[in-house]
Amino acid sequence: MKNITIMVFSFVHLALFGQTSSEQLKKLFLNLDIKGNFHDVIKGSPLAFEYGVNRGVPLHDENGKILYNEKFSYSANFDENPLIESKIKKGIISVGQQSQEVQSGHFSIHETVNFSSEEAMMKEYYKLTGMFEEFAYRVKTSMILKENDDIKLEDTEILIKTETGKVTLHISYHFPDGWQEREEYQLVFVYRNY
């Protein structure tokens, strides 16, 4: 009986845990339907998305037929995000799918948020990585350092189990080289289902 109780508790905990991570991911990505297929992701969104197709370099299959690696994408601008407290200077979100991902249903979401100050960017980076690390089953942080040991780029890769499978969330920021002047500080979020 004790084992059954533990199994039921564990199942309920995982179900609630997955639902919470999906809800937070949905908020981060501005209520996009992250559980849907590529073309349904933007349905119901109040953002004005534009659709585009980029045709890649032509490739030849074994029979000499020309194949193109096309990328299908939806993109929109925004200036508010429910999980970000700091003032957003500019935001861009895009949903992309490569032609070879169509059959599997895989896609990615890229969100770039520009801030006016380094302090706002770093505050949001630490807050959001901390929030999503709570849902992770694995976290990996990578850094690229400048010659003087200052951080040039930091990327946190967060692997999350949801009720529909596994997803990867990258949260990163990049400092320009010293000779580059920067008026905007960018946080980048990349979501990938698989």
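**Aromatic pairs.** I started with the rings and found seven aromatic pairs in this structure, which is a predicted model. The one I looked up in detail is Phe107 with Tyr191: the ring centres are 6.3 Å apart and the planes meet at 40 degrees, so I noted the pair as tilted.

Next I checked where the two partners sit. Phe107 is in the loop between strand S3 (90–98) and strand S4 (108–115), while Tyr191 belongs to strand S8, so the pair ties together parts 84 residues apart in sequence. Buried or exposed, I wondered, for Phe107 and Tyr191? Both are buried. Phe29 comes in here too, forming one aromatic cluster with Phe107 and Tyr191.

**The sheet.** Then I traced the strands. Eight of them make an open sheet, and I wrote the order down as S1-S2-S3-S4-S8-S7-S6-S5, with antiparallel pairing. Which strands are at the edges? They are S1 (50–60) and S5 (136–145), and each pairs on one side only. From one strand to the next, I have the twist down as 15 degrees on average.

Across from Tyr173 I found Leu187 of S8.

**A charge on a ring.** Last entry: Lys161 lies over the face of Tyr137, and I noted 5.1 Å to the ring centre.

Technical notes:
Residues numbered from 1 in each chain as written. Predicted model: local features only at pLDDT ≥ 70, side-chain atom pairs only at ≥ 80, totals over all residues. Heavy atoms only, no water. Pairing = 2+ DSSP bridges. Helix = DSSP H or I, 4+ residues; strand = E, 2+ residues; numbered from the N terminus. Axes fitted to C-alpha atoms, helices over the stretch in contact; angles between N-to-C directions. Phe/Tyr/Trp six-rings, centres within 6.5 Å; stacked < 30°, edge-to-face > 60°. Buried < 20%, exposed > 50% of the residue type's maximum accessible area, 1.4 Å probe, protein only. Lys NZ or Arg CZ within 6 Å of the ring centre and 35° of its normal.
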